[in-house]
Amino acid sequence: MARVLLTGGAGYIASHTAVVLLERGHEVILLDDFSNAERDVPARLERLTGHNLPVIEADIRDSEAVSAALAAQPVAAVIHFAALKAVGESEADPLRYYDMNIIGTIRLLEAMQAGGVARIVFSSSATVYGQPDSSPIPEHAPTRVQNIYGRTKLVMEDLISDLARTGKLRAAANLRYFNPVGAHPSAMIGETPRGVPNNLMPYLTQVATGRRPCLNVFGTDYATPDGTGVRDYIHVMDLAEAHALALEHILAHDVALTVNLGTGIGISVLEMVQAFERATGRAIPLNISPRRPGDVASYYANPAMAERIFGWKARLNIEDMCRDAWRWEAAKAGINDV
Ligand code: UFG
(Lines give C-alpha, C1' and ligand atoms only; values in the text may rest on other atoms or scores of the structure.)
Protein backbone atom coordinates (compact mmCIF):
# COMPACT_ATOMS: atom_id res chain seq x y z
CA MET A 1 0.00 0.00 0.00
CA ALA A 2 1.35 3.37 -0.96
CA ARG A 3 0.97 6.98 0.08
CA VAL A 4 0.42 9.18 -2.98
CA LEU A 5 0.09 12.89 -3.61
CA LEU A 6 -2.56 13.95 -6.14
CA THR A 7 -1.91 17.35 -7.73
CA GLY A 8 -5.15 18.96 -8.83
CA GLY A 9 -6.51 16.60 -6.20
CA ALA A 10 -9.94 18.22 -5.84
CA GLY A 11 -10.61 18.18 -9.59
CA TYR A 12 -12.92 15.95 -11.57
CA ILE A 13 -10.74 12.97 -12.42
CA ALA A 14 -8.50 13.24 -9.34
CA SER A 15 -11.42 13.16 -6.92
CA HIS A 16 -12.76 9.94 -8.46
CA THR A 17 -9.27 8.46 -8.50
CA ALA A 18 -8.93 9.30 -4.79
CA VAL A 19 -12.02 7.20 -4.05
CA VAL A 20 -10.61 4.15 -5.86
CA LEU A 21 -7.15 4.55 -4.30
CA LEU A 22 -8.63 4.72 -0.80
CA GLU A 23 -10.83 1.68 -1.49
CA ARG A 24 -7.70 -0.21 -2.54
CA GLY A 25 -5.95 0.64 0.72
CA HIS A 26 -3.72 3.47 -0.41
CA GLU A 27 -3.20 6.70 1.47
CA VAL A 28 -4.06 9.88 -0.41
CA ILE A 29 -2.95 13.49 -0.02
CA LEU A 30 -4.67 16.15 -2.12
CA LEU A 31 -2.85 19.20 -3.40
CA ASP A 32 -4.94 21.84 -5.15
CA ASP A 33 -5.00 25.59 -5.58
CA PHE A 34 -8.82 25.50 -5.94
CA SER A 35 -8.66 27.69 -9.05
CA ASN A 36 -10.91 25.24 -10.88
CA ALA A 37 -12.26 22.96 -8.17
CA GLU A 38 -15.02 23.30 -5.63
CA ARG A 39 -13.99 23.96 -2.04
CA ASP A 40 -16.28 21.26 -0.67
CA VAL A 41 -14.78 18.37 -2.65
CA PRO A 42 -12.44 17.16 0.14
CA ALA A 43 -15.32 17.12 2.65
CA ARG A 44 -17.51 15.25 0.18
CA LEU A 45 -14.73 12.71 -0.36
CA GLU A 46 -14.37 12.22 3.38
CA ARG A 47 -18.11 11.59 3.72
CA LEU A 48 -18.10 9.23 0.77
CA THR A 49 -15.06 7.19 1.78
CA GLY A 50 -14.94 7.56 5.56
CA HIS A 51 -11.25 8.41 5.28
CA ASN A 52 -9.43 11.45 6.50
CA LEU A 53 -7.90 13.33 3.57
CA PRO A 54 -5.05 15.77 4.12
CA VAL A 55 -5.41 18.78 1.82
CA ILE A 56 -2.62 21.15 0.86
CA GLU A 57 -3.73 24.37 -0.75
CA ALA A 58 -0.92 25.26 -3.14
CA ASP A 59 -0.09 26.01 -6.74
CA ILE A 60 2.21 23.39 -8.31
CA ARG A 61 4.53 26.21 -9.43
CA ASP A 62 5.17 27.00 -5.77
CA SER A 63 8.17 24.67 -5.33
CA GLU A 64 8.59 25.62 -1.68
CA ALA A 65 5.04 24.65 -0.80
CA VAL A 66 5.26 21.41 -2.78
CA SER A 67 8.66 20.57 -1.26
CA ALA A 68 7.34 21.27 2.23
CA ALA A 69 4.37 18.99 1.57
CA LEU A 70 6.62 16.18 0.34
CA ALA A 71 8.95 16.62 3.32
CA ALA A 72 6.10 16.59 5.84
CA GLN A 73 4.58 13.40 4.47
CA PRO A 74 6.89 11.42 2.19
CA VAL A 75 5.07 9.73 -0.71
CA ALA A 76 5.83 6.80 -2.98
CA ALA A 77 4.52 8.60 -6.05
CA VAL A 78 2.76 11.64 -7.39
CA ILE A 79 -0.29 11.48 -9.65
CA HIS A 80 -0.15 14.70 -11.60
CA PHE A 81 -3.59 16.00 -12.60
CA ALA A 82 -3.14 19.74 -12.08
CA ALA A 83 -3.38 21.61 -15.38
CA LEU A 84 -5.40 24.09 -17.38
CA LYS A 85 -7.54 22.24 -19.90
CA ALA A 86 -9.64 24.47 -22.16
CA VAL A 87 -8.63 24.41 -25.81
CA GLY A 88 -10.14 27.82 -26.71
CA GLU A 89 -8.62 29.50 -23.68
CA SER A 90 -5.22 28.03 -24.53
CA GLU A 91 -5.31 29.59 -28.00
CA ALA A 92 -6.37 32.94 -26.51
CA ASP A 93 -3.63 32.95 -23.86
CA PRO A 94 -0.76 30.59 -24.78
CA LEU A 95 1.71 31.94 -22.21
CA ARG A 96 -0.69 31.29 -19.37
CA TYR A 97 -0.94 27.66 -20.56
CA TYR A 98 2.81 27.25 -21.00
CA ASP A 99 3.33 28.69 -17.55
CA MET A 100 0.79 26.64 -15.64
CA ASN A 101 1.12 23.36 -17.51
CA ILE A 102 4.76 23.23 -18.62
CA ILE A 103 6.55 25.40 -16.06
CA GLY A 104 4.21 23.97 -13.41
CA THR A 105 5.25 20.43 -14.34
CA ILE A 106 8.94 21.38 -14.30
CA ARG A 107 8.56 22.92 -10.83
CA LEU A 108 6.72 19.84 -9.63
CA LEU A 109 9.39 17.52 -11.02
CA GLU A 110 12.09 19.63 -9.33
CA ALA A 111 10.30 19.43 -6.00
CA MET A 112 9.90 15.67 -6.46
CA GLN A 113 13.59 15.28 -7.27
CA ALA A 114 14.60 17.36 -4.25
CA GLY A 115 12.28 15.28 -2.08
CA GLY A 116 13.46 11.93 -3.47
CA VAL A 117 10.12 11.08 -5.11
CA ALA A 118 10.96 9.27 -8.35
CA ARG A 119 7.64 7.87 -9.55
CA ILE A 120 4.83 9.67 -11.34
CA VAL A 121 1.54 8.97 -13.05
CA PHE A 122 0.55 11.72 -15.47
CA SER A 123 -2.83 12.84 -16.70
CA SER A 124 -2.29 13.12 -20.44
CA SER A 125 -4.83 13.27 -23.22
CA ALA A 126 -5.69 11.64 -26.53
CA THR A 127 -5.63 15.19 -27.83
CA VAL A 128 -1.92 14.55 -28.50
CA TYR A 129 -2.96 12.43 -31.51
CA GLY A 130 -4.68 15.42 -33.17
CA GLN A 131 -6.27 14.30 -36.41
CA PRO A 132 -5.44 10.58 -36.55
CA ASP A 133 -4.96 8.71 -39.83
CA SER A 134 -7.44 6.13 -38.63
CA SER A 135 -9.11 4.68 -35.56
CA PRO A 136 -8.72 2.69 -33.36
CA ILE A 137 -5.61 4.65 -32.40
CA PRO A 138 -2.66 2.70 -30.97
CA GLU A 139 -0.06 4.38 -28.75
CA HIS A 140 2.54 4.33 -31.51
CA ALA A 141 0.35 6.50 -33.78
CA PRO A 142 2.02 9.82 -34.64
CA THR A 143 1.37 12.72 -32.29
CA ARG A 144 0.02 15.78 -34.09
CA VAL A 145 -0.62 18.68 -31.83
CA GLN A 146 -3.44 20.93 -33.06
CA ASN A 147 -3.67 23.57 -30.37
CA ILE A 148 -1.74 25.09 -27.46
CA TYR A 149 -3.48 22.92 -24.89
CA GLY A 150 -2.46 19.80 -26.81
CA ARG A 151 1.07 21.13 -27.17
CA THR A 152 1.37 21.55 -23.39
CA LYS A 153 0.15 17.98 -22.76
CA LEU A 154 2.67 16.58 -25.23
CA VAL A 155 5.54 18.61 -23.75
CA MET A 156 4.54 17.49 -20.25
CA GLU A 157 4.63 13.86 -21.45
CA ASP A 158 8.03 14.44 -23.06
CA LEU A 159 9.49 15.99 -19.90
CA ILE A 160 8.42 12.96 -17.90
CA SER A 161 9.61 10.46 -20.52
CA ASP A 162 12.99 12.19 -20.78
CA LEU A 163 13.50 12.10 -17.02
CA ALA A 164 12.58 8.41 -16.99
CA ARG A 165 14.93 7.68 -19.91
CA THR A 166 17.81 9.43 -18.19
CA GLY A 167 17.20 7.71 -14.88
CA LYS A 168 16.01 10.81 -13.02
CA LEU A 169 12.62 9.17 -12.58
CA ARG A 170 12.43 5.49 -11.74
CA ALA A 171 8.89 4.96 -12.93
CA ALA A 172 6.38 6.89 -14.99
CA ALA A 173 3.01 6.35 -16.62
CA ASN A 174 1.65 8.80 -19.18
CA LEU A 175 -2.06 8.06 -19.35
CA ARG A 176 -3.76 9.30 -22.53
CA TYR A 177 -7.43 9.75 -21.69
CA PHE A 178 -10.02 9.72 -24.41
CA ASN A 179 -13.30 11.46 -23.37
CA PRO A 180 -13.98 11.09 -19.63
CA VAL A 181 -17.64 11.43 -18.61
CA GLY A 182 -19.99 10.36 -15.81
CA ALA A 183 -19.66 10.59 -12.06
CA HIS A 184 -19.42 8.45 -8.95
CA PRO A 185 -22.71 6.50 -8.70
CA SER A 186 -23.36 8.03 -5.26
CA ALA A 187 -23.80 11.45 -6.94
CA MET A 188 -21.60 12.89 -4.17
CA ILE A 189 -18.81 13.91 -6.53
CA GLY A 190 -18.77 14.72 -10.23
CA GLU A 191 -17.77 17.30 -12.78
CA THR A 192 -18.54 20.97 -12.15
CA PRO A 193 -17.50 23.02 -15.17
CA ARG A 194 -17.33 26.77 -14.67
CA GLY A 195 -19.59 28.79 -16.96
CA VAL A 196 -21.08 27.33 -20.13
CA PRO A 197 -19.80 23.75 -20.57
CA ASN A 198 -17.62 23.11 -23.63
CA ASN A 199 -17.97 19.36 -23.53
CA LEU A 200 -20.90 17.29 -24.70
CA MET A 201 -21.93 15.43 -21.53
CA PRO A 202 -22.05 18.35 -19.09
CA TYR A 203 -23.94 20.38 -21.68
CA LEU A 204 -26.37 17.50 -22.23
CA THR A 205 -27.06 17.12 -18.51
CA GLN A 206 -27.69 20.86 -18.18
CA VAL A 207 -30.23 20.66 -21.01
CA ALA A 208 -31.88 17.79 -19.14
CA THR A 209 -32.26 19.88 -15.97
CA GLY A 210 -33.77 22.72 -18.02
CA ARG A 211 -30.86 25.03 -17.33
CA ARG A 212 -30.18 25.26 -21.09
CA PRO A 213 -32.91 25.10 -23.75
CA CYS A 214 -31.35 22.66 -26.20
CA LEU A 215 -28.21 20.82 -27.19
CA ASN A 216 -26.32 22.28 -30.13
CA VAL A 217 -25.19 19.41 -32.33
CA PHE A 218 -21.97 20.67 -33.86
CA GLY A 219 -22.02 19.30 -37.40
CA THR A 220 -24.13 16.59 -39.05
CA ASP A 221 -22.08 16.34 -42.23
CA TYR A 222 -19.01 14.49 -41.01
CA ALA A 223 -17.92 11.30 -42.75
CA THR A 224 -19.33 9.19 -39.89
CA PRO A 225 -22.31 6.78 -39.93
CA ASP A 226 -24.85 9.44 -38.86
CA GLY A 227 -22.83 12.53 -39.80
CA THR A 228 -22.10 13.63 -36.21
CA GLY A 229 -18.74 13.54 -34.41
CA VAL A 230 -17.58 10.21 -33.00
CA ARG A 231 -15.62 9.92 -29.74
CA ASP A 232 -14.49 7.30 -27.26
CA TYR A 233 -16.34 8.20 -24.05
CA ILE A 234 -15.05 6.55 -20.91
CA HIS A 235 -16.70 6.43 -17.49
CA VAL A 236 -14.68 8.37 -14.94
CA MET A 237 -14.84 5.43 -12.50
CA ASP A 238 -13.20 3.15 -15.09
CA LEU A 239 -10.60 5.85 -15.62
CA ALA A 240 -10.07 6.12 -11.87
CA GLU A 241 -9.50 2.38 -11.63
CA ALA A 242 -6.96 2.61 -14.45
CA HIS A 243 -4.96 5.14 -12.43
CA ALA A 244 -4.84 2.80 -9.45
CA LEU A 245 -3.76 -0.16 -11.59
CA ALA A 246 -1.16 1.89 -13.48
CA LEU A 247 0.21 3.22 -10.19
CA GLU A 248 0.43 -0.25 -8.65
CA HIS A 249 2.09 -1.55 -11.81
CA ILE A 250 4.79 1.10 -11.97
CA LEU A 251 5.45 0.86 -8.24
CA ALA A 252 5.94 -2.88 -8.54
CA HIS A 253 8.01 -2.86 -11.73
CA ASP A 254 9.75 0.52 -11.99
CA VAL A 255 8.93 1.02 -15.64
CA ALA A 256 8.01 3.93 -17.89
CA LEU A 257 4.99 3.58 -20.12
CA THR A 258 2.52 5.54 -22.22
CA VAL A 259 -0.95 4.05 -22.57
CA ASN A 260 -4.35 4.91 -23.99
CA LEU A 261 -7.33 4.85 -21.68
CA GLY A 262 -10.52 4.44 -23.64
CA THR A 263 -13.18 1.82 -24.25
CA GLY A 264 -12.27 1.26 -27.90
CA ILE A 265 -15.87 2.05 -28.88
CA GLY A 266 -16.76 5.09 -30.99
CA ILE A 267 -20.04 6.80 -30.08
CA SER A 268 -21.61 9.60 -32.15
CA VAL A 269 -23.26 12.70 -30.72
CA LEU A 270 -26.69 11.40 -31.75
CA GLU A 271 -26.00 7.96 -30.26
CA MET A 272 -25.02 9.67 -27.03
CA VAL A 273 -28.24 11.69 -27.00
CA GLN A 274 -30.30 8.54 -27.60
CA ALA A 275 -28.47 6.64 -24.86
CA PHE A 276 -29.03 9.56 -22.50
CA GLU A 277 -32.75 9.68 -23.28
CA ARG A 278 -33.02 5.91 -22.71
CA ALA A 279 -31.01 5.96 -19.48
CA THR A 280 -32.77 8.96 -17.94
CA GLY A 281 -36.23 9.13 -19.52
CA ARG A 282 -35.64 12.81 -20.32
CA ALA A 283 -36.15 14.23 -23.82
CA ILE A 284 -33.30 16.35 -25.19
CA PRO A 285 -34.26 19.07 -27.68
CA LEU A 286 -31.63 19.44 -30.40
CA ASN A 287 -30.43 22.39 -32.39
CA ILE A 288 -28.50 21.31 -35.48
CA SER A 289 -25.55 23.69 -35.72
CA PRO A 290 -22.48 24.17 -37.92
CA ARG A 291 -19.29 22.26 -37.20
CA ARG A 292 -17.25 23.55 -34.28
CA PRO A 293 -13.88 24.84 -35.56
CA GLY A 294 -11.00 22.51 -34.75
CA ASP A 295 -13.16 19.40 -34.18
CA VAL A 296 -12.04 16.05 -35.55
CA ALA A 297 -14.69 13.85 -37.22
CA SER A 298 -13.91 10.64 -35.39
CA TYR A 299 -11.46 9.11 -33.01
CA TYR A 300 -11.41 6.22 -30.61
CA ALA A 301 -8.76 4.23 -28.80
CA ASN A 302 -7.09 0.95 -29.23
CA PRO A 303 -7.02 0.23 -25.47
CA ALA A 304 -5.30 -3.18 -25.74
CA MET A 305 -2.00 -2.07 -24.24
CA ALA A 306 -3.48 -1.11 -20.87
CA GLU A 307 -5.11 -4.53 -20.63
CA ARG A 308 -1.94 -6.34 -21.63
CA ILE A 309 0.35 -4.40 -19.32
CA PHE A 310 -1.66 -3.85 -16.18
CA GLY A 311 -4.85 -5.80 -16.70
CA TRP A 312 -7.23 -2.86 -17.10
CA LYS A 313 -10.31 -2.82 -19.28
CA ALA A 314 -13.25 -0.42 -19.18
CA ARG A 315 -16.31 -2.11 -17.70
CA LEU A 316 -19.02 0.54 -17.74
CA ASN A 317 -21.06 1.25 -20.86
CA ILE A 318 -22.58 4.35 -22.39
CA GLU A 319 -25.83 3.99 -20.42
CA ASP A 320 -23.90 3.75 -17.14
CA MET A 321 -22.09 6.94 -18.15
CA CYS A 322 -25.35 8.76 -18.93
CA ARG A 323 -27.12 7.52 -15.79
CA ASP A 324 -24.32 8.56 -13.46
CA ALA A 325 -23.71 11.91 -15.16
CA TRP A 326 -27.42 12.60 -14.88
CA ARG A 327 -27.65 11.54 -11.19
CA TRP A 328 -24.90 14.00 -10.37
CA GLU A 329 -26.35 16.91 -12.33
CA ALA A 330 -29.87 16.20 -11.05
CA ALA A 331 -28.61 16.09 -7.44
CA LYS A 332 -26.94 19.48 -7.90
CA ALA A 333 -30.13 20.87 -9.45
CA GLY A 334 -32.28 19.47 -6.62
CA ILE A 335 -34.20 17.12 -8.93
CA ASN A 336 -35.29 14.04 -6.99
CA ASP A 337 -37.11 11.77 -9.47
CA VAL A 338 -33.89 10.12 -10.69
N1 UFG B 1 -20.46 18.46 -29.19
C2 UFG B 1 -21.69 18.89 -29.60
N3 UFG B 1 -22.31 19.85 -28.82
C4 UFG B 1 -21.76 20.34 -27.67
C5 UFG B 1 -20.50 19.86 -27.28
C6 UFG B 1 -19.86 18.93 -28.06
O7 UFG B 1 -22.22 18.47 -30.61
O8 UFG B 1 -22.38 21.21 -27.04
C9 UFG B 1 -19.79 17.41 -29.98
C10 UFG B 1 -18.43 17.81 -30.53
O11 UFG B 1 -18.58 18.47 -31.78
C12 UFG B 1 -17.73 16.46 -30.62
C13 UFG B 1 -18.32 15.68 -29.46
O14 UFG B 1 -19.53 16.31 -29.13
O15 UFG B 1 -18.09 15.82 -31.82
C16 UFG B 1 -17.42 15.66 -28.23
O17 UFG B 1 -17.08 17.00 -27.88
P18 UFG B 1 -16.41 17.33 -26.47
O19 UFG B 1 -16.21 18.81 -26.42
O20 UFG B 1 -17.17 16.70 -25.38
O21 UFG B 1 -15.04 16.57 -26.54
P22 UFG B 1 -13.81 16.78 -27.54
O23 UFG B 1 -13.54 15.44 -28.14
O24 UFG B 1 -13.95 17.90 -28.46
O25 UFG B 1 -12.75 17.23 -26.48
C26 UFG B 1 -11.75 16.41 -26.13
C27 UFG B 1 -11.35 16.62 -24.67
C28 UFG B 1 -10.57 17.89 -24.51
C29 UFG B 1 -9.52 17.98 -25.57
C30 UFG B 1 -10.15 17.94 -26.91
C31 UFG B 1 -9.14 18.16 -28.00
O32 UFG B 1 -12.48 16.65 -23.83
O33 UFG B 1 -9.96 17.89 -23.24
O34 UFG B 1 -10.74 16.67 -27.04
O35 UFG B 1 -9.72 18.28 -29.22
F36 UFG B 1 -8.83 19.09 -25.47
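**Domains and ligand**

Author: Domain 1 and domain 2 bury about 2,100 Å² between them, and carbon and sulfur atoms give 64% of that area. Buried area is the accessible area (1.4 Å probe) that two parts lose on being put together, summed over both. This is a predicted model, in which local features need pLDDT of at least 70 and side-chain atom pairs count only at pLDDT 80 or more, while totals for chains, interfaces and linings use all residues. Residues are numbered from 1 along each chain as its sequence is written, and side-chain values use heavy atoms, with hydrogens and water left out.

Reader: Where do the bounds of the two domains fall?

Author: Domain 1 covers 3–182 + 233–261, and domain 2 covers 200–231 + 265–302 + 312–333. These bounds come from an automatic or database domain assignment.

Reader: How many residues of each domain are in contact?

Author: In domain 1, 25 residues are in contact with 23 residues of domain 2, where contact means heavy atoms within 4.5 Å. The C-alpha centres of the two domains are 25 Å apart.

Reader: Turning to the ligand, why does it lie between the domains?

Author: Domain 1 and domain 2 both give residues to the shell around the ligand, so it lies between them. The shell holds 19 residues, and Leu200, Asn216, Arg231, Arg292 and Asp295 are the closest; a residue counts if one of its heavy atoms lies within 4 Å of the ligand.

Reader: Which element gives the largest share of that shell?

Author: Strand S8 does, with 4 residues. Helix H7 (200–208) and strand S8 (215–218) each supply at least two. Helices (H or I, at least four residues) and strands (E, at least two) are DSSP runs, numbered from the N terminus.

Reader: What are the polar contacts?

Author: A ligand nitrogen is 2.6 Å from a polar backbone atom of Asn216. A polar contact here is a pair of N or O atoms within 3.5 Å.

Reader: Which peptide bond is cis?

Author: The bond joining Ser135 and Pro136 is cis, with omega about 0 degrees. Pro136 is in the loop between strand S5 (119–125) and helix H6 (148–165).

How values were computed: Polar contact = N/O pair within 3.5 Å; in protein donor to acceptor, adjacent residues only side chain to side chain.
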